[in-house]
Amino acid sequence: MENQEIERGRIADFLHRLNDNDIWWSFWHSPVAVLSAALALFMIFISVFASVIAPFNPFDLASLDLMDSSLPPVWQSGGDPRFLLGTDDQGRDILSTILYGSRISLLVGFVSVIFSLILGVGLGLISGYVGGRTDAIIMRIADVQLSFPAILIALLLDGVARTLLPKDVHSEIAIYVMIFAIAVSGWVQYARTVRSMVMTEKVKEYVQAGQVIGLGQFTIMWRHILPNVIGPVFVIGTLHLALAIIIEATLSFLGVGLPPTTPSLGTLIRIGNEYLFSGEWWITIFPGAALVAIALSVNLFGDWLRDAINPKLL
Amino acid sequence: MRKLSKLLSGVAIAAIMAATPAVAKDFKYAFQGDSQGLDPHGLNETFSLGLLGNVYEGLTVYDENLALVPALATEWKTISPKVWLIKLRQGVKFHNGNDFNADDVVFSFARTQTKGSDQKARGGLVTKVVKIDDHTVELHTANPLPVLMQEMAFLFMMDKEWSEANGATEAANVSDANEIGYANRNSNGTGPFMITSREPGVKTVFDRFDGHWNKDLKTNVTHVEFTPIKEAATRVAALLSHQVDMVYPVPVQDWKRLDEAEGVRALKGPEARTIFLGMDQSRDELLHSSVKGKNPFKDIRVRKAFAHALNLDAIKAKIMRGAATPSGLMVAPQINGFNAALNTPYAYDPELSKKLLAEAGYADGFTLTMDCPNNRYVNDEKICQAAASMLAKIGIKIDLLAQPKSKYFGKVLAQGGYDTSFYLLGWTPGSIDSHNVFANLLHCQDAENKMGAFNLGNYCNDRVDEITGLVGAETDQAKRQALIDEGFKIVQDEVGYLPLHQQPLSWGAGDNIELNQRADNVFDLRYVVVK
Amino acid sequence: MISFIIKRLLQSMLVMLTVAFISFGLFRFVGDPVSNMAGQDTSIEDRQELRKSLGLDDPVYIQFFNFTINAAQGKFGQSYMLREPVRELMAKRFPATLELALVSSVIAMLLGVPMGVYTAIRRNTLLSKAFMTISLMGVSLPTFLIGILLILLFGVTLRWLPTFGRGDVVQLGWWSTGLLTASGLKAIIMPAITLGIFQMTLIMRLVRAEMMEILRTDYIKFGRARGLSNRSLYFRHALKNTLIPVITITGLQIGSIIAFALITESVFQWPGMGLLFIQAVGNADVPIMAAYLVLIAFIFVVINLIVDVLYVIVDPRLRASSEGD
Amino acid sequence: MSQLQIENLTVEFPSRKGDFIAVQDFSIELQAGEILGVVGESGAGKSTVGNAVIGLLQKPGHMIGGTISLDGERIDDLDEEIMRAIRGKRIGMIFQDPLTSLNPIETIANQLIETIVLHLKLSKADARKKAVDLLDQVGIPDPSVRIDQYPHQFSGGMRQRVVIALALCADPEVIIADEPTTALDVSVQAQILDLMRGLCRERNVGMILITHDMGVIAEVTDRVAVMYRGKLVEIGETAQVLGSPKHDYTKSLISAVPRPDKRINRFPLVTYIEDVGERKEVDIANHWLGQTQDYADFDGPLLKLTDLSMRFITKHSIFPSKRIYLDAVKKVNFDIKSGEVFGIVGESGSGKSTIARMVTGIYKPTGGKIEFAGADLTAMTTAKEINPWRRQMQMVFQDPFSSLNGRMRVEDIIAEPIQFHKQVSTNAECYAIVHDLLDIVGLGKVAARKFPHEFSGGQRQRISIARALATRPRFLVCDEPTSALDVSIQAQVLNLLKDLQEEMGLTMMFISHDLPVIRQMCDRVAVMRNGEICEIAETEDLFNNPKHEYSQHLLSLMPKFFMDKN
């Protein structure tokens, strides 16, 4: 009972604070931010519940019938009412595949961003706080990695994983390989941002206050510095999410991404690209639009967030 | 480069223009890859050999209908089962003006056996070359070999003097980082075209060789530019926008677009390549399967179940857009030894498949990894996907491992230890004869005698092995055909392979271009006419 | 200054060695070059022979040692795929890629800088918001999609621009340029735009952020209080300060543009290093892949060095501190 | 006629939480050659007045009433173009921070010449000649050489001279100087003020001098206007306003200024001063906070520094011989007795803060010994060994805005040291103590669940003090605890520190650059310069009879207005 009281008090407290919060306020007063967030949430929602919403399960090979393949959307002549947006070359329902594909794209995006965020923030914290030789080594590695764009690194890692890992398990682990590759290619930006922020934060007096109390380095980093540098990290994370989704699509487009039996949006676009000239535009255009919708909404939101939190970030 | 030289020597060019026939015709074409160097004894690969076939010539050549016709040899006959007497064409000149003679033949055969050569097998068919006179040679083989002259169509003759003068007496050796084979970057053949400039992977320019022995060639083309374009969409776009006159291959689904578009057309034709699925029938346990302790493919009921689960007509209609010929045999109609009577595909009957599987003890199916190339054959990966979904319907769960050809072949071929359980492969017998199929695909694996090297699943039947030997040596056509039929029948009954179809040739060209689309997918400039 | 440069050079060498190691190490285990070099009829013994002659049977460290020694001399051996010396292949392809990268950088700069300045000065105008949103399209549309759409529109439908290749090139010594012929200029338009869009977005946003930051500084406020005109404030004082980081980042980006170009090159069949690389990956052509990686790292290191030195020249604050050496 | 006339100026800043009136009904007149001070605490609206005059109000602020006239002509309603011609030409402006007021990538010459050419239409060569003259006038040695240098090659004081030259370069009639000396050290400050006064007199230029510093007002202004919350509360001759203020606010403001001339027990509390925390009386003797029995008694100095040194590397190099060092603290020795308040005074860079940071363990000394209650802290290496001692000494920092972690609630900030040192067993107990501490420092329990940004500077400094007290320390280091605060708030915080010191019997090390504050707070004082101690003396002795030359110099720079008054 008493706990409930306290809890209610806390919620009221939170709501009050939220109402008072400039970011929250500016969010509700920016139509672009609201719209893009709504679109992003919508895309996330439909992909999370893809298995409920989608009329078919395109990953279930036994359910595909080759004779249903390459059907146009319903409103075109030859369309089949079962397939709202038409079918692809293997008879997969495009709508269902987009839903499942978005799920994969978002999953790859989110998990790889979280991966590289943890890696980058961790290394950035250590680099910025400890300094000296540790810093030099970490930043040198970052420099080397920066000389190769993410797509190249992901291409390499993917290639290596394909060669080194047993082939049987390949299609099952392809998605993890992809996540790992994108994650590893993205940590540098977090690390650099966090590092430079830590360098400015660590000379601030609240950090010294922690030292005077006797707190250990880890506690100071974790409890004091991290919460103060995390804001911009989320901005980068948001923008990186869009980038990760695009990298995934590009890798899949280049044919080193996810296998066509479990197509992501990028794989679908690659498949569809082969049919652009033959007039089966729906195989490319609908997944393409879905991809752009996800990337654009996430980017617009991230862009707004950047302006709200720290316009100096890139 | 060209531009500059044009600028510099306008007068000279005008003079040449006046000298050459009034009709100077340019022709541009594109393929998905480039020739791997210009050395005629370099890579034994269809496209490279096809491209070089315009520059170099063998003793024989295939005509537009894949019939063997004389080229540098005018006559040949066996003077004993293992010895062939060859009359060489007279008055043939290399591009540099040297005469072609018997010394060049002896030299060329010797060159195929040098370190960097990839033509060792083909050249090795001939164990000895004896010069009789300047325009007569004897070829000795280890065994009686009726198909020898077919093989000679892709064994190109080089100029001994030129090779010696330029240090190109050995085939280009890729292992030496510093020494670049001269013949790899320069050419001097007897063919109707000579390469005048080349940037590997970017552009190769051919000009007509006026001194060619055959003045009756169909082509009126004098200048050719070849560009590799890797992306199919870019390639088709290049044709659609008339930046090139001809491209190949064209995705089958783009035929409609090409036919509808103004001024271009799709060229379709049957290719002599048979696409089939193979199964590992020799290991006691499959390398990549959920079934442990036994090999389901050793059970003919399982092989049959697979055979009846595949809907070849659906693959033809949907994936190949109607452009394939479903096949019941391992050879195409163009191949010597093909018998239409035997060419009946397994019937599509998934219910039967389920029943067979249940009988074999796999009522719940099993999981299996399928190896598939994704850039080698027409729609190769899509066929595998379709097969996977068809097999899924009878309870077989396929994990599809589709890879670029380099990785695919590295895994499934001999050098990868035949690391596969279930795979898709395509085969065109280079000699356009069924014997090639028996030797490579149907014979038990026998590394020692270089037999069955591409029988990846090691399908093995003693009688078939026996037939292979007999067919190779049999010269009586009727007897030979009977042996071939017997062999194919055995393989068919035992479901040794799952033939799918002969894939189509799929090219695209401008309406003003007349050309010959040969069934072995070789594009021969000799038949190109620009209107 | 000299010790600064020496320090930088040492660092660069370390970077190069690392990259050499990585590129060697990674590619040592990717693909099987032998299966590419041998045709389908080549016997197993011949394949073994080939492996041996390529040195693929040596211990790994010996292979790496040989690799590094050769790489330092620019010798990467022969391409398995094209049977040409990699050094010459790269030299032939390099101008195409560099021209593409430079033209797209120039396009990105010419569009990105004014747009960035505009959006920083007139933050709340409609045009400014339109720029911001449109520029986001540049990072939300995958490069390959942009390329395909451009080809469809301008190449196939309108037939204004060539859909592939470099057009006619003119040879200036060993350098081949497509910028001196009409067809070459036409050919570079679409690939350069495709490649430059991402860059343009980046530059525009960078300029905007820096500009806004600088417009808030005291010296701009003080300049205003002295009655300086907006033009002088924006372009003489603010933009000049803005351009220092912008040039740095753009410079550093050239390295990654060159590498990033591989997608564009592959879509437009642009005969550059990226195309070569993609083809090499498909064919497990180790020498080309290794050379490409090392070359990219080398370009990066060189640009880095140049930018560092330029930085010192442009920024008087740094000049003073490095003079102290 | 007055040169500059401001009548009924009212400036509004609209915001989503309501419109904020920054300046209300403000009227002053400035005569030629006169220096008019505008004084007030932060947020009083004094800078807004200056910005309004040159028409550069920060957006979205705007004038909603009143007029501004220059030589009888209205200038507040002019077009931007015409106004721009007035800025710099007729009204010059000087800002607070000389380090950021100059474009770092342009030479001084370029910046001067650009402005001169713009306003005086001279040729470049003539403009350059004039620029060199100007630099000479503002006291920059060797001006013809130095003019081609970049701003970073000048020291802070020299840069402010350049800024003044820039403000003067078009011979304006009026100068507005907004806190022109706040960022400078005392000795430099005096020189700059002298220079400005001289230039105004010489050129008969009127100047509005905006500052929060009563000392500066007393030093240079002829008349002074006192602002409080956007309104003008009092204006008059400087001597009259400072000597016998009429308005209550002025009175409280002046009384809050620490007196350099004599030591008083407590600063008088004046009702007009905001931010007064109602201290709730807590019986400290019987409270947990008073239970400091676990400290062993110790005879002799509580803190003893022996040859304490700190050397920083300012330029790294692989070769030791090429490294450049800074000796921030050079072999310093002193003792602090139990219960004493020991002051350290010195200008910026003298090493006083470095000593504080070494004592509290933020920096590791490069030489010497720190003994605390007889234990050699410098010899301890493990946290376990040193933490019991850490608990006994705490620190109050200078900047109330950065010394509190903005992401933590106030109660968590204060609870952290208690929890870390495991001084109580339950969370409930801990937070009860935290609430009492908040009462003690005059914030009350209501502050507990808020975040630091919801508090003003003075309140934050109270939180900082509460945190420092949370470990029941017996030694407190205060590093410039009030230098970032307004003078009235400073008085509050200093009173609080004095109260606490007496109630808890704390020993204190009090660091400040402000001599009057030192005099009010400390029992003994060390004067530091360049990392060395010049003199240690009883406070009163030092102020009455400084022995060291540098001490004498420092004392001579003290603002004189109280001395004049008496």
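Q: What share of the contacts in chain B with a separation of 6 or more comes from residues 24 or more positions apart?
A: In this predicted model, such residues account for 69% of those contacts in chain B. A pair counts as a contact if the C-beta atoms lie within 7 Å.

Q: How many residues of chain B count as buried, as a percentage?
A: Of its 531 residues, 55% count as buried. The cut-off for that word is 20 or more other C-beta atoms within 10 Å of the residue's own.

Q: What is chain B built from, in helices and strands?
A: Chain B has 18 helices and 19 strands. It is also divided into domain 1 (10–231 + 512–530) and domain 2 (271–504).

Q: How many residues does each domain of chain B give to the contact between them?
A: Domain 1 of chain B gives 11 residues and domain 2 of chain B gives 12. On the domain 1 side, these are 6 nonpolar, 3 polar and 2 charged. The C-alpha centres of the two domains lie 34 Å apart.

Q: What makes up the side of chain B that touches chain A?
A: Here 29 residues of chain B are in contact with 24 residues of chain A. Elements of chain B giving two or more residues are helices H9 (232–240), H10 (255–260), H12 (312–319) and H14 (380–392), along with strand E15 (397–403). H14(B) supplies the largest share, 7 residues. By type, this side of chain B holds 13 nonpolar, 7 polar and 9 charged residues.

Q: Which chains have the most contacts between them, among the 5 pairs that touch?
A: That pair is chains B and C. By contrast, no contact joins chain B and chain D. The closest C-alpha atoms of chains B and D lie 40 Å apart, whereas a contact needs C-beta atoms within 7 Å.

Q: What makes helix H9 of chain C mostly covered?
A: In this helix (residues 218–225), 6 of the 8 residues are buried. They are Tyr219(C), Ile220(C), Phe222(C), Gly223(C), Arg224(C) and Ala225(C). Their cover includes helix H8 (182–215) and helix H10 (230–268) of chain C, together with strand E6 (91–94) of chain D. Just after H9(C), Gly227(C) takes a positive phi of about 85 degrees.

Terms used:
Residues are numbered from 1 along each chain as its sequence is written. Chains are lettered from A and ligands numbered from 1 in the order in which they are written. This is a predicted model: local features need pLDDT of at least 70, side-chain atom pairs count only at pLDDT 80 or more; totals for chains, interfaces and linings use all residues. Two residues are in contact if their C-beta atoms, placed from the backbone, lie within 7 Å. Helices (H or I, at least four residues) and strands (E, at least two) are DSSP runs, numbered from the N terminus. Ala, Val, Leu, Ile, Met, Phe, Trp, Tyr, Cys and Pro count as nonpolar, Asp, Glu, Lys and Arg as charged, and the others, Gly among them, as polar. Domain bounds come from an automatic or database domain assignment. A residue is buried if 20 or more other C-beta atoms lie within 10 Å of its own, exposed if 12 or fewer, and partly exposed in between; C-beta atoms are placed from the backbone.
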